[in-house]
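Let's take a walk through a protein model together.

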Amino acid sequence: MKKILEVKNLEVSFDTYAGEVQAVRDVSFDLYEGETLAIVGESGSGKSVTAKSLIRLNPEPPARYKAGEILLHGENILDKKEKEMQKIRGSKIGMIFQDPMTSLNPTMTVGKQIIEALMKHQKVAKSEARKVALEMLRMVQIPNPEKRFDEYPHQFSGGMRQRVMIAIALVCNPQILIADEPTTALDVTIQAQILDLMKNLQEKIKTSIILITHDLGVVAHSAQRIIVMYGGKIVESGTTDQIFYKSRHPYTWGLLNSVPRLDIHKEDGRLDSIEGTPPDLFAPPQGCPFADRCEYAMEICRKKMPPQFETGENHHSACWLNHEFAPKVENPTQIAKKLQKEEVQMREQ
């Protein structure tokens, strides 16, 4: 596949009255044409800051890009001036924000907001722009688009507002679509509809998607690759199958265990949680950021940052447990499944 975006050793900090917040620390990844890449992690892990950095939406100041490169077709976005970035936003990279009610302008009709995005980047007549906008509303499956075109955001349901946001983000046929927790404010049924819609539109217009979420359940059938972030760093990356079935980082295990599962029965009916709190990014730990919450932490974990160990083809995990001299630890989810399978077999006998 053709590589269209390259992030190399990105570091982003925020200068505040209390000091420097090191929000993103040495993050590197690639995005390929037509794929969906998911970035998952708890709140405060750095995933949204990373996504907004791709189109320079973090306000500067207080945001400061300390190091690294963001290469779009070989050109470094961090070297671009604001006028150049305005041409990139929307036309080459679109973004769907988390809460459509605060992202849409309440004083403008939805049709006008779609047209505004189109006319800013493409030289088209207003009549032509209206035709394109109506077609986009049909494409995102909004019923009766001619009538809805002249209505305001407050006249739409949450799911319909999110569809409008998708229409605005895609109206200029961007090469990359960043979806920052696009289903968080929606109920489960609408979540599935929005994810299916994004997948269908991706196949039609060949857009690459970066999906930001804290919910691994959301990305199970949507993404081809997953990046797991914690404490401003990438702690694990790999294909969806590798992350779900062959994960090699205790933080990933914790995220997976917190997702409701039908294949593992728990007598108390409770979901597992990761004890403790995320690290203080005013003074990030010297070693692994997850060490204080990890039940498998060793002395070296608190003293030295682990490298990205290669645990499979294009599968990397930043955990000292993957060192050849480390004790062998098995994914607790896989252990639970084995025990449950053995228990069922014993009962059948």
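**A guided walk through the model**

Start with His 73, which is partly exposed, with a relative accessible area of 40%. Here buried means under 20% relative accessible area, exposed means over 50%, and partly exposed is in between (1.4 Å probe, protein chains only). You'll find His 73 in the loop between β4 and β5 (75–76). Helices (H or I, at least four residues) and strands (E, at least two) are DSSP runs, numbered from the N terminus. The phi of His 73 is near 50 degrees, a positive value in a residue other than glycine. Asn 173 also has phi near 50 degrees, and Asn 173 sits in the loop between α7 and β7.

Before going on, a word about the ground rules. This is a predicted model, where local features need pLDDT of at least 70 and side-chain atom pairs count only at pLDDT 80 or more, while totals for chains, interfaces and linings use all residues. Residues are numbered from 1 along each chain as its sequence is written, and side-chain values use heavy atoms, with hydrogens and water left out.

So how confident is the predictor? pLDDT is its confidence in each residue, from 0 to 100. The protein chain has a mean pLDDT of 85, with 91% of its residues at 70 or more. Over residues 339–344 the pLDDT stays under 50. Where pLDDT is low, the predicted coordinates should not be read in detail.

Now look for the sheet. It is open, has eight strands in the order β6-β7-β8-β3-β9-β10-β12-β11, and its pairing is mixed. Two strands pair if DSSP finds at least two bridges between them. At the edges are β6 (93–96) and β11 (309–312), each pairing on one side only. Take β9 (residues 225–230) and β10 (residues 233–239) as a example: they pair in the antiparallel sense over six bridges. Tyr 230 has Lys 233 in β10 as its bridge partner. Helix α7 (residues 158–170) packs on the sheet, touching β6 and β7 (176–180). Helix α8 (residues 188–205) packs on the sheet too, touching β3 (36–40), β7 and β8 (208–213).

Next, peek inside. A nonpolar core is a set of buried Ala, Val, Leu, Ile, Met, Phe, Trp, Tyr and Cys residues joined through side-chain atoms within 4.5 Å. The largest one has 56 residues, and Val 40, Ile 166, Leu 216, Val 219, Ile 226 and Val 228 touch the most other members. Helix α7 gives this core its largest share, seven residues. Leaving aside neighbours within four places in sequence, Val 219 has contacts (heavy atoms within 4.5 Å) that include Ala 38, Val 40, Leu 211 and Phe 244. A second, separate core of 36 residues includes Ala 63, Tyr 65, Ile 176 and Ile 234.

What about the cysteines? A disulfide is a pair of cysteine sulfur atoms within 2.5 Å, and by this rule the count is zero. For Cys 294, the nearest cysteine sulfur, that of Cys 319, is 6.2 Å away. Cys 294 is buried, because its relative accessible area is 16%.

Finally, visit the loop between α1 (47–53) and β4 (63–72), where Pro 61 lies. A cis peptide bond joins Glu 60 and Pro 61, with omega about -10 degrees. Another cis peptide bond joins Pro 61 and Pro 62, with omega about 10 degrees.

Note on methods. pLDDT = per-residue confidence, 0-100. Axes fitted to C-alpha atoms, helices over the stretch in contact; angles between N-to-C directions.
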